[in-house]
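Please keep the sequence and the 3D view at hand while reading.

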Amino acid sequence: MCLAIPARVIEKNGDKGFVDLGGSKKEIMFTFTPEVKEGDWVLIHTGFALNVISEKDADETLKLFEEFADFQKELPENNERPE
Amino acid sequence: MKDPNNKKFRDPQLINKIVADLQKWQQPIKIMEVCGSHTMAIGHWGIRKLLPPSISLISGPGCPVCVTPSSLIDELIKLKGVKIATFGDLIRVPGKEETLEQARARGLDVEIVYSPLEALKLAEKKETVFVGIGFETTTPGIAQTILLAANQKQKNFSVLPAFKLIPPALDALLSEEDLSLDGFLLPGHVSVIIGSQSYNLLPHKYGIGGVVTGFEPLDILRAVKILTEQIEHGEATIVNEYNRVVNRDGNKVARHIIEEVLQVNDALWRGMGLIPKSGLTINEKYKEYDASKKYEIMLKDEEAKTGCRCADVLKGKIIPSDCPLFASKCTPANPIGSCMVSSEGSCAAYYKYER
Ligand code: SF4
């Protein structure tokens, strides 16, 4: 029930607006995210945007994964493992 | 601009790498995932099968529908002349005699809504009671809806408060049960509101670490990896892996709205009984929107004797397949307990993915 999904903000007027949710336009309240701008990604739940998703942090997390994977590549014992 | 939830968090190559590394882990450890959405994600991505037998993931109390006492259903069914608006997950939960869905079939006015805002709209036409179930993720939206009702002076709207708080429930669980847990996967979307610092009691009071994490396979695997590293080094801290949406202090605006409308109170959890300061009720200032006052509703701590072992499932004491009714008498089509009804219940997740 606590599932919240990412959606892109397409329109914002005060604390109300719309997000694009997989191609359909959905009305949303931005009460908790007054800083949000059109084009931002937000996490939506029961008609409200809970927070803005930081793309920078998403990229950084992904970089950590990649670095970890690269590091694993260099470990010789791993080369024997079937992918 | 690209989708920040992009496929990279599901990159098979990266997954293989991290899985290969985790496969080397030998010390038996037990990690509890608190959140029902994590339980579903773990099942969906087949994460249990990717981990070595030494790492077991067990489910905890993180499904609001599952932890709601069934007396709530019985009380709702008694309401006359009002519309009951609820999130869909609740309507198939068995009360003592019937579910809301069955009661609706014989004429009770029950309407499923996606948002509490829809329930407020329904109140324009008919006196409406919204069933306020949920954890910290869901609470701010409901609190904001009560504020809007107050602004509109909408007298036909009230909320039955059955809100639950995660950190006090974890505290109660750890102080009462000897589950010998080695770490927690902490709920990503609850943490968006309350912040990663809300779990400091886990390391401080119990010496157990936890990782706030997201719902993609790499999020979950990385969280497990971080926990194994902590265990290896004898450390226990709270790490925020999901920092693309969660920060240390949570969403301050949302928390402020909760504080304006709601107050911390003891709450009744199915299977866990009354837990001190583990829920939220509507405060004095907004009491006219409190359905428990308006209709004098008192929840009782009694469950029908069905043989359902949801209570032990919620506490992580057994896994769903240990319940003798699992997948025999109790199935999603014919659920006996709430853990099989809710789309995020552990029994439903096991039925769907791990049989
Ligand atoms: S399988 Fe059904 S009866 Fe058994 S604990 Fe789960 S919900 Fe209850």
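In this predicted model, chain B has an accessible surface of about 14100 Å². Carbon and sulfur atoms account for 50% of that surface. For chain A the accessible surface is about 4300 Å², and 52% of it belongs to carbon and sulfur atoms.

Of the 355 residues in chain B, 61% are buried. In chain A, which has 83 residues, the buried part is 46%.

The charged side chains of chain B come next. Chain B carries 43 positive and 42 negative side chains. The centres of these two sets are 3 Å apart.

**Overall build**

Chain B contains 17 helices and 11 strands. Along the principal axes, its C-alpha atoms fill a box of roughly 60 × 45 × 45 Å. Does the radius of gyration of chain B agree or disagree with that of a compact globule? A compact globule of 355 residues would have a radius of gyration near 20 Å, and chain B has 20 Å, so the two agree. The contacts of chain B can also be sorted by distance along the sequence: of those between residues at least 6 apart, 77% join residues at least 24 apart.

Chain A is built from 2 helices and 5 strands. Read from the N terminus, the order of its elements is β-β-β-β-β-α-α. Of the contacts in chain A between residues at least 6 apart in sequence, 30% join residues at least 24 apart.

**Disulfides**

How many disulfides does the structure hold over all chains? The count is 2. With the bonded cysteines of chain B counted along the chain, the pattern is 1-2, 3-4.

One disulfide links Cys63(B) and Cys66(B), with an S to S distance of 2.4 Å. The link between Cys63(B) and Cys66(B) is right-handed, with 70° about the S-S bond. Cys63(B) has 4% relative accessibility and therefore counts as buried, the cut-off being under 20%.

Another disulfide joins Cys310(B) to Cys339(B), where the S to S distance is 2.2 Å. This pair links distant parts of the chain, 29 residues apart. Cys310(B) belongs to helix H15 (residues 310-314) of chain B, while Cys339(B) belongs to helix H16 (residues 338-341) of chain B. Cys310(B) is buried at 4% relative accessibility, and Cys339(B) is buried at 0%.

**Further cysteines**

| Residue | Relative accessibility | Class |
|---|---|---|
| Cys35(B) | 4% | buried |
| Cys308(B) | 30% | partly exposed |
| Cys323(B) | 10% | buried |

Where in chain B is Cys323(B) placed? Cys323(B) sits in the loop between H15 and H16 of chain B. Along the chain, Cys323(B) and Cys308(B) are 15 residues apart, and their C-alpha atoms are separated by 7.4 Å. Leaving aside residues up to four places away in sequence, Cys323(B) touches Arg309(B) and Ile318(B). Cys323(B) counts as buried because its relative accessibility is 10%, under the 20% cut-off. Cys308(B), at 30%, counts as partly exposed, since this class lies between the 20% and 50% cut-offs.

**Residues with positive phi**

Lys277(B) is not a glycine, yet its phi is positive, at about 50°. Lys277(B) lies in strand S11 (residues 273-282) of chain B. Is Lys277(B) buried or exposed? At 58% relative accessibility, Lys277(B) counts as exposed, because the cut-off for this class is over 50%.

Ala327(B), a residue other than glycine, also has a positive phi, near 60°. With 31% relative accessibility, Ala327(B) counts as partly exposed.

Notes. Residues are numbered from 1 along each chain as its sequence is written. Chains are lettered from A and ligands numbered from 1 in the order in which they are written. This is a predicted model: local features need pLDDT of at least 70, side-chain atom pairs count only at pLDDT 80 or more; totals for chains, interfaces and linings use all residues. Side-chain values use heavy atoms; hydrogens and water are left out. Helices (H or I, at least four residues) and strands (E, at least two) are DSSP runs, numbered from the N terminus. The radius of gyration is taken over C-alpha atoms; the globule rule is 2.2 Å times the number of residues to the power 0.38. Buried means under 20% relative accessible area, exposed over 50%, partly exposed in between (1.4 Å probe, protein chains only). Contact means heavy atoms within 4.5 Å. Accessible areas come from the Shrake-Rupley method with a 1.4 Å probe; for residues, only the protein chains shown count as cover. Lys and Arg count as positive and Asp and Glu as negative; His and the chain ends are not counted. The place of a charge is taken as NZ of Lys, CZ of Arg, CG of Asp or CD of Glu. A disulfide is a pair of cysteine sulfur atoms within 2.5 Å.
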